[in-house]
Amino acid sequence: MSKIVELEKALEYVKDGMTVMIAGFMGVGTPETLVDGLIEKGVKDLFIICTDTARPEKGIGKLIVNDRVKKLIASHIGTNPVTGQKMNAGEIDVTLVPQGTLAERIRAGGAGLGGILTPTGIGTVVEEGKEKITVDGKQYLLELPLKADIALIRGSKVDKLGNVWYKGATRNFNPMMATAADIVIVEAEEIVEIGEIDPNDVVTSGIFVDYVVKGEE
Amino acid sequence: MDIRERIARRVAKELSDGDIVNLGIGMPTMVSDFIPEGVEVILQSENGFIGMGAAPKEGEEDPDIVNAGGMPITVKTGASFFDSAVSFGIIRGGHVDATILGALQVDEKGNLASWMIPGKMVPGMGGAMDLVVGAKRVIIAMEHTAKGKPKILKECSLPLTAVGEVDLIVTEMGVIEPTEKGLVLKEIAEDVTVEDIQAVTEANLMIDPNLKTMDI
């Protein structure tokens, strides 16, 4: 059963107002073809969960610049000045989350956990409104799981079952996001036959993936 | 010598052979150029690898391999890639020996403010809060003042990155260690007096009885 579909077919599932996780670090490992497709399709009012908003002309930055984002969870927005401008103008509701906490909250969302305990953010504004739990005399913040309607991820090699191998630093948030959404769409730099990726090298199992779209190399 | 180079050279001497080190963006990145001979450190990059090498030659950039600033970088033989959850597990789990970061403010309790200026600059904390809480040693590499105003304060006025986690502050004027009793001036630059450095430091500096000339 092949999961390969055309871009338009995969993006049929993305609707206005949905919560969408998009992987990538400064655009590296971001599915650019899917992001461009979202802009072309015209979806808006998205709630985006991502590491950073890259640059205005790159990755998730393009969704910000094109006014498609209503709400944002990210760890860093400093490399895209447009995000800050829209935040200050009240056009985007931004929540900043420490990067490690963000990774674990998404992992928890996909792994059926009720949250995670982290020392990160104790004594800072990050702890506001959160429950503190003491374990062996040390304080931790209870951070809640994150889930999404859609996850858009990018694989360097993807087989027809949706098994994914990531090259270099493109892995970043992709494996966690692939587990934490109702529908997972993978953009493949290269689509390969089943069996071409050694089972030992599969990082994201095809069971997490719903659709595979061919992206740019 | 450029003051940034002076700071980077001094910080580099804090590193020991075999240390796993995470370097922040900007001046901390320069530290890797001055690591003493015979000392080999293993650089961790928060976006997902261990074993970071030098910047690639022009034309040899791999778009899939960038550092935490998004710039093309290389990896050394023996490097390994992983996802962001593992990367921050390495950081938070105490597997990083030292992190070197810049700062907006540091105070006498070892508190650090480095991620936002309300109303002006809100880039986000990125990985800094995890790094400062998780690394075994937190070394701040920064210029002593900002536009002539002290950055080493009695109490940080900007939103904190972490509470009481700073282990050492290296500036172009000296080397300062936060202790339970307050800040101790351990080393002072050749061209600076104790009065000079105290004059641009809001927090009180205790002078180490073995005060040394800053070793660069």
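Reader: What makes up the secondary structure of chain A?

Author: In this predicted model, chain A contains 6 helices and 11 strands.

Reader: Why is chain A called as compact as a globular protein of its length?

Author: The globule rule gives 17 Å for 217 residues, and the radius of gyration of chain A is 17 Å, close to that value; chain A is therefore as compact as a globular protein of that length. Along its principal axes, the C-alpha trace spans about 50 × 45 × 25 Å.

Reader: How many of the residues of chain A count as buried, and what makes a residue buried?

Author: A residue is buried if its relative accessible area is under 20%. Of the 217 residues of chain A, 57% count as buried. The accessible surface of the chain comes to about 8,800 Å², and carbon and sulfur atoms account for 48% of that surface.

Reader: Which residues of helix H4 of chain A are buried, and what covers them?

Author: Helix H4 of chain A runs over residues 81-88, and its buried residues are Val82(A), Thr83(A), Gly84(A), Lys86(A) and Met87(A). Their cover includes helix H3 (61-65), strand S3 (69-74) and strand S4 (93-96) of chain A. After H4(A) comes Gly90(A), with a positive phi near 80 degrees.

Reader: What makes Ile140(B) stand out in the largest nonpolar core?

Author: That core has 57 residues, and Ile100(B) and Ile140(B) touch the most other members. Leaving aside residues up to four places away in sequence, Ile140(B) touches Leu101(B), Gly102(B), Ala103(B), Val106(B), Leu112(B), Val166(B), Leu168(B), Ile169(B) and Val170(B). Apart from this core lies another, of 39 residues, including Leu38(A), Ile39(A), Ala74(A) and Met129(B).

Reader: Why would such side chains be found together?

Author: In soluble globular proteins, nonpolar side chains tend to be buried together.

Reader: Why are strands S7 and S11 of chain B called edge strands?

Author: They belong to an open sheet of 3 strands in chain B, with the order S7-S6-S11 and mixed pairing. Strand S7 (112-113) and strand S11 (152-153) each pair on one side only, and this makes them the edge strands.

Reader: How do you know that S6(B) and S7(B) pair?

Author: Two strands pair if there are at least two bridges between them. Strand S6 (residues 105-107) of chain B and S7(B) have 2 bridges, in the antiparallel sense, and thus meet the requirement. Within this pair, Val106(B) stands opposite Leu112(B) in S7(B). Both Val106(B) and Leu112(B) are also touched by Ile140(B).

Methods. Residues are numbered from 1 along each chain as its sequence is written. Chains are lettered from A and ligands numbered from 1 in the order in which they are written. This is a predicted model: local features need pLDDT of at least 70, side-chain atom pairs count only at pLDDT 80 or more; totals for chains, interfaces and linings use all residues. Side-chain values use heavy atoms; hydrogens and water are left out. A nonpolar core is a set of buried Ala, Val, Leu, Ile, Met, Phe, Trp, Tyr and Cys residues joined through side-chain atoms within 4.5 Å. Buried means under 20% relative accessible area, exposed over 50%, partly exposed in between (1.4 Å probe, protein chains only). Contact means heavy atoms within 4.5 Å. Helices (H or I, at least four residues) and strands (E, at least two) are DSSP runs, numbered from the N terminus. The radius of gyration is taken over C-alpha atoms; the globule rule is 2.2 Å times the number of residues to the power 0.38. Accessible areas come from the Shrake-Rupley method with a 1.4 Å probe; for residues, only the protein chains shown count as cover.
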